[in-house]
Amino acid sequence: MLVGYSSSSEEESEAATAQNKSCSRQCREEDDGEGDCPARKKAKTEEQVPKTSRLPLPGCLLTMFPEDVDSQAEDNSLHGGRIRSFKHERGNWATYVYLPYHPEEEFRELLEELLSVARAHGVAMSSQEEFHLSLSQTVVLRHHWIQPFTQSLRAGLVHCKRFVCSAGRLRVYCNAERTRTFLGMEVCTGHAQLLNLVQAVDKTMTEFRLDTFYKDPSFHVSLAWCVGDMTGQMEECIQELQSVVDEHEEGPFLLRLDGVELRCRTGNKTFRFPLEQ
């Protein structure tokens with residue numbers, strides 16, 4: 001009996017398999033002839049449903065955040081060949097703290113003379129677009145850090161007093177990546193007050209786990225720059241450049257920098273921190 005039952009089951013299984021194959025063959029034939037096979041109907045229905053396309057953003061929204069520039073779209077030729085020290089990423093804001101310097105006409109005339117001497121020695125330098133004395137390294141802030149970072153700076157600088165410092169000695173500087181060379185004027189008075197400010201700024205940097213300032217800083221105002229490491233060429237003519245400063249028509253030129261307020265530049269925003277009188 002068991003053998004007969006088994007034989008019957010196998011026959012029924014074979015019959016079911018043959019029926020399934022016949023149905024599958026029929027569906028394929030109907031597919032080829034665009035028949036009414038349910039699978040074909042479903043595929044046709046899906047093809048008839050149009051895909052939803054995204055509407056373009058209004059132009060006003062695209063221009064709301066001009067500081068968010070795609071790093072892949074950056075063109076160094078638009079920045080005089082300058083290369084970023086770190087890769088630009090959305091939400092990362094290049095940030096530094098500094099004392100601003102507001103040049104007078106006398107300074108600009110002197111600077112033109114210095115650039116002329118450098119050109120005569122084969123170094124084409126460009127004047128800085130703005131002049132300042134750095135009190136921090138350039139660091140990267142996330143956007144949501146900006147408010148607490150500037151609040152911390154303000155609290156740390158609340159008791160720092162105003163002062164005056166001066167600079168008159170030319171020096172050549174090169175960035176760590178050796179991609180830019182600078183002609184700067186080094187501070188000769190006010191060094192102690194600047195160190196006090198750096199100490200306050202470094203406290204905030206440490207709080208946010210960012211790089212502090214150099215241990216033995218050469219405080220200076222950058223006057224001009226050029227692409228590449230041109231330290232050797234500039235050192236060859238540094239004495240001639242210094243003589244332009246020392247033999248100024250009204251006596252040795254001395255750059256006077258009034259320490260009235262610190263500023264923090266982060267992205268395209270500038271925060272001001274007035275010093276105590």
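Author: Buried means under 20% relative accessible area, exposed over 50%, and partly exposed in between, with a 1.4 Å probe and protein chains only. This is a predicted model, in which local features need pLDDT of at least 70, side-chain atom pairs count only at pLDDT 80 or more, and totals for chains, interfaces and linings use all residues. Residues are numbered from 1 along each chain as its sequence is written, and side-chain values use heavy atoms, with hydrogens and water left out.

Reader: Is threonine 95 buried or exposed, and with what relative accessible area?

Author: Threonine 95 is found in strand β1, residues 92-101, where a strand is a DSSP run of E of at least two residues, a helix is a run of H or I of at least four, and both are numbered from the N terminus. Threonine 95 counts as buried because its relative accessible area is 0%.

Reader: Which side chain is joined to that of threonine 95 by a polar contact of 2.9 Å?

Author: A polar contact is a pair of N or O atoms within 3.5 Å; within protein, one must be able to donate a hydrogen and the other to accept it, and residues adjacent in sequence count only if both atoms are side-chain atoms. A polar atom of the threonine 95 side chain lies 3.0 Å from the backbone oxygen of tryptophan 93. The side-chain partner at 2.9 Å is threonine 266.
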